[in-house]
Amino acid sequence: MDIVCRTLNDRRIEAFEVIIGYRFSDRRWIRQALTHSSFSKEASPDAAGVPVPDYERLEFLGDAVLELTTSRMLFDRYDWPEGSLTRERARIVCETSLAFIARKYGFGEFMLLGNGEEKTGGRDRSSILCDLVESIIGAVFQDGGYEAARDLIERIIFAHIEELPDQKAGDPKTMLQEYVQARKKPAPTYRVIREEGPPHDRTFTVELLMDGEPVAAASGKSKKKAEQEAAQLVLERINK
């Protein structure tokens with residue numbers, strides 16, 4: 001397959017459907033899931049002036065579906081205490097693990113990227129590959145519902161659970177989660193408050209909230225990295 005993918009014709013989509021073991025009823029979902037925002041910004045809008053939709057909304061949805069499904073699968077399979085379940089979930093849904101899955105299946109070969117992102121190595125950038133896996137999950141959820149998305153997660157992620165990289169010691173988000181859980185407090189939440197820079201060199205600023213109140217903000221080249229930085233700031237304050 002030509003590594004630089006500039007179109008998503010039926011032949012390419014059929015090849016992708018074989019890889020993930022799911023056939024779409026409405027292929028608009030998977031076309032959107034495989035379209036990076038850098039491509040969308042460079043592509044010509046349709047006759048009505050509507051731009052090519054990118055994967056960011058599906059990524060948002062897929063992230064939530066993945067976390068819920070992973071939580072339920074771990075809960076059903078393992079009689080572990082809460083802390084162990086939290087650590088294992090963090091290992092499965094983290095950027096490193098999802099990028100590993102994307103590379104294993106060659107998802108990046110099917111992605112539509114803008115020229116700038118292509119030239120700077122975006123096709124193999126872990127943050128983009130992680131987002132891509134989440135957007136694919138979101139697309140399957142939209143097309144086939146929760147059971148189809150759950151089966152996909154079972155097939156492409158849980159089937160390789162022993163191969164996933166170990167969670168790095170001292171992961172700030174996990175440490176903060178365990179800290180608040182031990183004190184029976186609500187889990188921290190994160191929200192993007194700003195996005196800056198060109199599509200191929202985006203910077204995200206994320207706000208961390210505890211008990212619904214913003215307590216820290218940090219920036220990074222991906223949403224997940226910004227979340228880690230914000231969690232680290234809070235941990236440093238706690239330690240002081």
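Two strands are taken to pair if DSSP finds at least two bridges between them. In general, the strands of a sheet pair through backbone hydrogen bonds, in either a parallel or an antiparallel sense. The model discussed here is a predicted one, and by this criterion it contains an open sheet of 3 strands, in the order 1-2-3, with antiparallel pairing. Strand 1 (189–196) and strand 3 (213–220) stand at the edges; each has a single partner strand, so one side of each is left without a neighbour in the sheet. On average, and with direction ignored, neighbouring strands of this sheet are turned by 25° against each other.

The pairing of strand 1 with strand 2 (residues 203–210) is antiparallel and runs over 7 bridges. Here R191 stands opposite E207, a residue of strand 2. Helix 11 (residues 223–239) packs on the sheet, where it touches strand 1, strand 2 and strand 3. The direction of helix 11 makes about 130° with that of strand 3.

The aromatic residues come next. The structure holds 5 aromatic pairs, one of which is formed by F16 and F107. Their rings are tilted, with 5.4 Å centre to centre and 50° between the planes. This pair links distant parts of the chain: F16 belongs to helix 1 (residues 10–20), whereas F107 lies in the loop between helix 6 (95–105) and helix 7 (115–119), and the two are 91 residues apart. F16 counts as buried because its relative accessibility is 0%, and F107 likewise counts as buried because its relative accessibility is 0%.

Y78 and W80 provide another aromatic pair, this one stacked, at 4.1 Å centre to centre and with 10° between the planes. Y78 has a relative accessibility of 26% and therefore counts as partly exposed; W80, with a relative accessible area of 34%, is partly exposed. Returning to F16 and F107, ring pairs link these residues with Y105 and F110 into a cluster.

Charged side chains also meet aromatic rings. K173 lies over the face of Y190, at 4.8 Å from the ring centre. The charged end of R183 sits over the ring of Y179, at 3.7 Å from its centre.

A final point concerns confidence. The protein has a mean pLDDT of 89, and 92% of its residues reach 70 or more. Confidence is highest in helix 9 (residues 146–156), at a mean of 98, and lowest in helix 10 (residues 172–182), at a mean of 85.

Key. Residues are numbered from 1 along each chain as its sequence is written. This is a predicted model: local features need pLDDT of at least 70, side-chain atom pairs count only at pLDDT 80 or more; totals for chains, interfaces and linings use all residues. Side-chain values use heavy atoms; hydrogens and water are left out. Rings of Phe, Tyr and Trp (its six-membered ring) pair if their centres lie within 6.5 Å; planes under 30 degrees apart count as stacked, over 60 as edge-to-face and the rest as tilted. Helices (H or I, at least four residues) and strands (E, at least two) are DSSP runs, numbered from the N terminus. Buried means under 20% relative accessible area, exposed over 50%, partly exposed in between (1.4 Å probe, protein chains only). A charge sits over a ring if NZ of Lys or CZ of Arg is within 6 Å of the ring centre and within 35 degrees of the ring normal. pLDDT is the predictor's confidence in each residue, from 0 to 100. Axes are lines fitted to C-alpha atoms, for helices over the stretch in contact, and angles run from 0 to 180 degrees between N-to-C directions. Contact means heavy atoms within 4.5 Å.
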